[in-house]
Amino acid sequence: VYGKQWYQRRVRGLTAKYKDVFCNEMMVHELGLQPPSDEDSPLKNGLMTFIAFIVCGIVPIAVYLFVNVESSSGDTNFYISVALTAVALFGLGVLKSLATYISWYRSGLQIMVLGCVAAGAAYGISAFAQWAVEPYQEDFCSRNSTAV
């Protein structure tokens, strides 16, 4: 005898009454996140984020700093850097899975794809900026060199 609207009102009433339970349920089952605990420290979380940023930020340039593979096309270092960055992003996603209820391979793939899309966008924007500025670069450089 109860209709759909009655159930909707009932659910809304219960979720409004028990907001903490509803939020925790949504975090765990819809977002795959663990609810915050009283033991979480903002300083510890910030420090871990900083360390992850430094470690993962070094990966793309490590090839140029330590390996420097010579090839006829000159792009080998770039491709090695891209591959190592993808592996590092996947590893970061796997580590993220320790703090969520998402499987390690799904979390790794999510972070890797997101990071690769962001890196590709940054590369594309910088290539476009170089293309847009290049016609004016020689004129600008020649004017400034005579002024010195």
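I began with the lining of the second largest pocket: its residues divide into seven nonpolar, five polar and no charged. Here Ala, Val, Leu, Ile, Met, Phe, Trp, Tyr, Cys and Pro count as nonpolar, Asp, Glu, Lys and Arg as charged, and the others, Gly among them, as polar.

I noted that the model is predicted, that local features need pLDDT of at least 70 and side-chain atom pairs pLDDT 80 or more, and that totals for chains, interfaces and linings use all residues. Residues are numbered from 1 along each chain as its sequence is written, and side-chain values use heavy atoms, without hydrogens and water.

I listed the lining of this second largest pocket, which includes Phe 78, Thr 85, Gly 115, Cys 116 and Tyr 123. A pocket is an open set of points on a 1 Å grid over the protein atoms alone, where a 1.4 Å probe fits, with protein on both sides within 12 Å along at least five of seven lines; lining residues have an atom within 4 Å of a point. H5 (104-147) gives the largest share, seven residues. Helices are DSSP runs (H or I, at least four residues), numbered from the N terminus. I recorded a volume of about 250 Å³, that is, the space filled by probe spheres set on grid points joined across faces, edges and corners.

I turned to the largest pocket, with about 860 Å³ of space. Its lining has 24 residues, and Asn 45, Met 48, Leu 95, Lys 96 and Ala 99 lie nearest its centre. H3 supplies nine of them, the largest share. The lining divides into 13 nonpolar, seven polar and four charged residues.

How do H3 and H4 pack, at what angle and how far apart are their axes? I found about 160° and 7 Å, with axes fitted to C-alpha atoms over the stretch in contact and angles running from 0 to 180 degrees between N-to-C directions. H3 and H4 are therefore roughly antiparallel (angles over 145 degrees). Among the residues that meet are Ala 52 and Tyr 64 in H3, and Phe 78 and Leu 92 in H4; contact means heavy atoms within 4.5 Å.

Note on methods. Helices (H or I, at least four residues) and strands (E, at least two) are DSSP runs, numbered from the N terminus. Angles under 35 degrees count as roughly parallel, over 145 as roughly antiparallel, 65 to 115 as roughly perpendicular and the rest as oblique.
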